[in-house]
Amino acid sequence: MSADYSPTTEGTQEIPAAEADPGGWRSGPLLGLVLAVAGGAVAWGVIECTSPVFTVPEEYHILNLGPPPEKVAALEAVQAKVNRMNAMLELTWLGALVAGMIAVGESIARRGLKPMLVAVPVGAAGGCAAGFIGSLASEAFGIGPLATLTETVTVQAVMLGVLGIGVGLALGLSTKSLGRVVVSGVVGMAAGILAGVLYPVAIS
């Protein structure tokens, strides 16, 4: 007597497919805020120890009273360029370190380096753009020792708003959702504008 043999699935186990990464942020907002403050503090320390990196060359210095107008104009042009370069460098440090520190928490939560590898260069680029735009706004408003509080707040809000966009995008790009990228950029811009408004008022 013969019987057909058919394999049975009894006793076997189906291997589940890997769960898809839903994307989004896994570290909480409180941790992100703490790390952002830490990154800002580190950036402040770096800037205090190294600034100014760029200075006006000695040939443009005015040592005598009543210099020719063309010499004054040349000094002002070089000074504006030096201020712009220093602002771009300082905001590059700030953007890279703030975005990078926030991304540390996300990298730990995700157990991977992708958030940090994305956040640091994008944050640095956003900071560089913020320094450039902030310096142009400062020149447009003629910001100086006699600038009004309204002028100072406007320039700071523009500059830190751009920085916030850069930091927000730096963090959002490591997710897998275009919507989160947009939201991160908008939230970052709002946070930057708020900081730009509150900081000059607080120290005035």
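Helix H1 (29-50), helix H2 (69-110), helix H3 (114-141), helix H4 (149-172) and helix H5 (178-203) each put at least two residues into the lining of the largest pocket. Keep those ranges at hand for the stops below. The model is a predicted one.

**Stop 1: the whole chain.** Show the protein chain as a cartoon. Along the sequence the pattern reads α-α-α-α-α. The chain has 204 residues, and 31% of them count as buried. Now think about contacts with a separation of 6 or more: residues 24 or more positions apart account for 76% of these in the protein chain.

**Stop 2: the largest pocket.** Select Leu 91, Leu 94, Leu 160, Leu 163 and Ala 195. Of the 47 lining residues, these lie nearest the centre of the largest pocket. The volume of this pocket is about 1,800 Å³. Which helix gives the most to its lining? Colour H4 to see: H4 gives the most, with 10 residues. Next, colour the lining by class.

**Stop 3: helix H5.** Select 178-203, the range of H5. This helix has 26 residues. From first C-alpha to last, H5 reaches 38 Å, close to the 38 Å expected at 1.5 Å a residue. Which residues of H5 are buried? Pick out Val 181, Ser 184, Gly 185, Gly 188, Gly 192, Gly 196 and Pro 200; each is buried in H5. Keep the helical turn in mind as you look down the axis. An α-helix has 3.6 residues a turn, so residues three or four places apart point the same way. Then bring back H4, which is included in what covers the buried residues of H5.

**Stop 4: the cavity.** The largest cavity has a volume of about 40 Å³. Select its lining: Ile 47, Thr 50, Ser 51, Pro 52, Val 53, Asn 86, Leu 89, Glu 90 and Trp 93. H1 and H2 each supply at least two of the residues in this lining. H2 gives the most, with four residues. By class, the cavity lining has five nonpolar, three polar and one charged residues.

Key
Residues numbered from 1 in each chain as written. Predicted model: local features only at pLDDT ≥ 70, side-chain atom pairs only at ≥ 80, totals over all residues. Heavy atoms only, no water. Buried < 20%, exposed > 50% of the residue type's maximum accessible area, 1.4 Å probe, protein only. Contact = heavy atoms within 4.5 Å. 1 Å grid on protein atoms, 1.4 Å probe; cavity = no way out; pocket = protein on both sides within 12 Å on 5 of 7 lines; lining within 4 Å. Points joined across faces, edges and corners; volume = space filled by probe spheres on them. Expected span 1.5 Å × (residues − 1). Nonpolar A, V, L, I, M, F, W, Y, C, P; charged D, E, K, R; others polar.
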